[in-house]
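Hello,

My notes on what I found in it follow.

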Amino acid sequence: MALDMLGELEAFATVARKRSFVAAARTLGRSPSALTRAVQALEESVGVKLFNRSSNAVSLTEAGERLLPHAYKMLDLQREADEDLAGISGQAYGWVRFSAPEFLGHGVLPRLIAQYAERYPDVSVDVIFTDEIIDPAKSKLDFSIRGAFAQSSELIGYPLWNYSRYLYASPGYLERRGVPDSIEALESHSLILHTAPRILKEWNFRSEEQAISFRVHPKFRFSSGLAVFQAALAGVGIARLADWMAEPEVEAGRLLRVCPEYKLTSSSGESPQMHAVYPAGNLPLRVKSMLEVIRGFGDSLGRKHAVTL
């Protein structure tokens, strides 16, 4: 295939990944009509139909399924060549694609991406916000940001920042329902449980004196960490939240820490960590620099915590 087909291959591969011309156009920063023309030009060049199109769905034909892995290989070769040249010039360009927990879209990542874009104006960014665990290798992403605890896998881990979890509720909720004076007293309260990426049956509490395992009987279950946070603010009940998310609301008087002498850990007593995972191999400059910007946010949290102490 000629080099002038690379743009058409990128359009084809992105539509195949997104299963939508509109979503693919948004990802590539092009109009849906331009993307449609690019795919049609590719279909004319290869002489076969690549997509089945209907009013509400886009799917690959058998020919499209066969072409897709070859398209990925050619685009990967192009990216590798671009990255080699970028390394010589010290410039970063291309796409950074990654997934992140939904809550990071609530102010944190948009602000960091704005900082990143000022420094690297030739880099485009595609973020999937989800609390589900995504394998970046299978999803053709540069990396995935995760919270909680690192899982053993063939992926490479990149620590971002450590944090602690505590219970929080709004002043209004505690005024209505009373302040629990022990872990056992939580039984009579409305508990909010985050169900992604899995449903926890127990919360593990640890203080300086003791460790307690508490079986959770939630009144509310949400698959979104952001929804859990907003529900706590709205006075729905008591939620387990990360301190870096919740403590600014405590300072503003919108949340209070419940059973403050206890933090929530893993069953073995570990505290969680925000981290990124990525497939083995050298990271291009555009990806390294994005991870450094995100880790910088974690460093600022650590400095703030040290000043507070």
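**Salt bridges and where they sit**

Let me start with a pair on the surface: both Arg-66 and Glu-62 are exposed (exposed is over 50% relative accessible area, buried under 20%, and partly exposed in between, using a 1.4 Å probe and protein chains only). Before going on, please note that this is a predicted model, in which local features need pLDDT of at least 70 and side-chain atom pairs count only at pLDDT 80 or more, while totals for chains, interfaces and linings use all residues. Residues are numbered from 1 along each chain as its sequence is written, and side-chain values use heavy atoms, with hydrogens and water left out.

Back to that pair: the side chains of Arg-66 and Glu-62 form a salt bridge, with 3.1 Å from N to O. Here a salt bridge is a side-chain nitrogen of Lys or Arg within 4 Å of a carboxyl oxygen of Asp or Glu. By this rule there are seven salt bridges. Arg-66 and Glu-62 both belong to helix 4 (residues 62-89), where they are four residues apart, about one turn of the helix. Helices (H or I, at least four residues) and strands (E, at least two) are DSSP runs, numbered from the N terminus.

Which residue forms a salt bridge with Glu-247? Arg-257 does, with the closest N and O atoms 2.8 Å apart. This pair links distant parts of the chain, since Arg-257 is in strand 13 (residues 256-258) and Glu-247 in helix 8 (residues 243-251), 10 residues apart. Arg-257 is partly exposed, at 31% relative accessibility.

There is also a network of salt bridges, which links Arg-17, Lys-18, Arg-97 and Asp-126.

The UniProt annotation "domain: HTH lysR-type", from an unreviewed entry, covers residues 9-61; UniProt positions are in the numbering used here, feature names are shortened, and annotations may be inferred rather than shown by experiment. Over residues 9-61 the chain is 62% helix and 11% strand, with the end C-alpha atoms 15 Å apart.

Helix 3 (residues 32-46) has 15 residues and spans 21 Å from its first C-alpha to its last, close to the expected 21 Å (1.5 Å times one less than the number of residues). Its residues Leu-35, Ala-38, Val-39, Leu-42 and Glu-43 are buried. They lie on the same side of helix 3 because they cover an arc of only 135° around the axis (the arc of the directions from the helix axis to the C-beta atoms). On the other side of helix 3, Arg-37 and Glu-44 are exposed. Just after the helix comes Gly-47, with a positive phi of about 80°.

Glu-43 counts as buried at 12% relative accessibility, and its side chain meets that of Arg-53 in a salt bridge (3.5 Å, N to O). Since Arg-53 lies in strand 1 (residues 51-53) and Glu-43 in helix 3, the pair ties together parts that are 10 residues apart in sequence. Arg-53 is partly exposed, at a relative accessible area of 37%.

Five strands form an open, mixed sheet in the order 4-3-5-15-6 (two strands pair if DSSP finds at least two bridges between them). Strand 4 (123-129) and strand 6 (156-162) are at the edges with a single partner strand each, so one side of each has no neighbour in the sheet. From one strand to the next, the twist averages 20°.

Strand 3 (residues 94-100) runs parallel to strand 4, joined by seven bridges; one of the pairs is Ala-100 with Phe-129 in strand 4. Strand 15 (residues 273-278) is mostly covered, with five of its six residues buried.

In helix 5 (residues 108-119), the buried residues are Val-108, Leu-109, Leu-112 and Tyr-116. They fall within an arc of 75° seen down the axis, so they line one face of helix 5.

Is Ile-183 buried or exposed? At 2% relative accessibility, Ile-183 counts as buried, although its place is in the loop between helix 6 (171-177) and strand 8 (191-194).

Best wishes

How values were computed:
Axes are lines fitted to C-alpha atoms, for helices over the stretch in contact, and angles run from 0 to 180 degrees between N-to-C directions.
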